[in-house]
Amino acid sequence: MAILVTGGAGYIGSHTVLYLNGLGEEVIVLDSLKKGHREAVRNAAFYQGELKDGDLLNEIFTTHQIDAVIHFAADSLVGESVEQPLQYYENNVIGTYHLVKKMVEHQVKKIVFSSTAAVYGNPVNVPIKEEDPTVPTNPYGETKLAIEKMLKWADDAYGLKSVCLRYFNAAGADLEGRIGEDHTPESHLIPIILQIALGQREQVSIFGNDYPTPDGSCVRDYIHVMDLADAHYLALKRLRAKEESSTYNLGNGTGYSVKEVIKACLKVTGENIKAVSAPRRAGDPAILVASSEKAKKELGWIPQYHELEQIVAHAWKWHQNNPSGYNAETIIKNI
Ligand code: UFG
């Protein structure tokens, strides 16, 4: 049976596709390529299109023997979601509605959903557990939470089984440097800092220095993208074996402040990183650190790359070898 991966040309999606390929799974990718990169997808049937394209979904579900969907396709920037909330409702909630409707029509009853730590908002407890309150501080988290709820009701009504994976901050890259992180424009902390190390950017703004954290900057739990890829496979394995819906946090359980991340990047790259204080970014909670005990216990998930410096080192390898991201490769291919 094949797995449909929506958003499989994006950052976490493409690493998951690569990982599934390595395990011998047949993978079909659907991606609009609005943000994803065609070059990031290897060894998978590829369809370019939108979730709302019912004819395309009919074609995919009738051409391939798909037993499960891993659903990444979404807008995923906290700051942007505060400025463009309707775009987030349209692309995330309505997009998923179209996908789920077609899954139900075609009797595809398993979905692994790319959710987020942003569903928690400002946590009541740290580390955060799955049963803790979900009160998002931004539309991005709100739309992901709405989808989690949609999936719960779809299970009750249609027997659609889901695993919702609430990731904390994905970082790093494929260990062999084949694929990596490339957003345009870049808004994520680690790639921004690495662009400074490459001489492509002058400085990084530290958004907020008065948060209730040890050094005043925001604290996040950085998790290696290949550890996330492994968790998707384990979630799928569990769905295939147990046919039971569930939700898991995925993080390392250690928080690093923005200032600590800058220090780690300085150590890995050996380059000076200029940082300046800037106002808080709208929608940012002060601290997000996961308890992933449930995923470890129920999925047998064992993250391999705990150290922030190791995660940064893998990202740095990709950035050094691909200073223009996927663009350079595209240009070479077109010559
Ligand atoms: N930050 C800066 N300066 C920058 C960029 C980021 O100080 O130039 C700070 C942010 O304010 C935040 C931290 O660095 O405190 C990490 O920011 P990112 O933009 O790298 O990541 P986010 O925490 O905003 O969001 C990421 C994913 C979301 C996911 C979330 C879960 O993009 O999809 O992690 O924690 F929901």
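Q: Leaving aside neighbours within four places in sequence, which residues is I193 in contact with?
A: Two residues are in contact if their C-beta atoms, placed from the backbone, lie within 7 Å. By that rule I193 is in contact with V204, V261, I262, C265 and I273. This is a predicted model: local features need pLDDT of at least 70, side-chain atom pairs count only at pLDDT 80 or more, and totals for chains, interfaces and linings use all residues. Residues are numbered from 1 along each chain as its sequence is written.

Q: Which residues of the largest nonpolar core touch the most other members?
A: In soluble globular proteins, nonpolar side chains tend to be buried together. A nonpolar core is a set of buried Ala, Val, Leu, Ile, Met, Phe, Trp, Tyr and Cys residues joined through C-beta atoms within 7 Å; buried means that 20 or more other C-beta atoms lie within 10 Å of a residue's own, all placed from the backbone. Here the core has 98 residues, and V29, L165, I193, L250 and C265 touch the most other members. Helix 7 (residues 225–242) gives the most to this core, with 10 residues. Helices (H or I, at least four residues) and strands (E, at least two) are DSSP runs, numbered from the N terminus.

Q: What is the order of the strands in the open sheet of three?
A: Strands of a sheet pair through backbone hydrogen bonds, either parallel or antiparallel. Two strands pair if DSSP finds at least two bridges between them. The order is 12-9-14, with mixed pairing. Strand 12 (256–257) and strand 14 (287–288) are the edges, each pairing on one side only. Strand 9 (residues 219–220) runs parallel to strand 14 over two bridges, and R220 stands opposite L288.

How values were computed. Buried ≥ 20, exposed ≤ 12 C-beta atoms within 10 Å, placed from the backbone.
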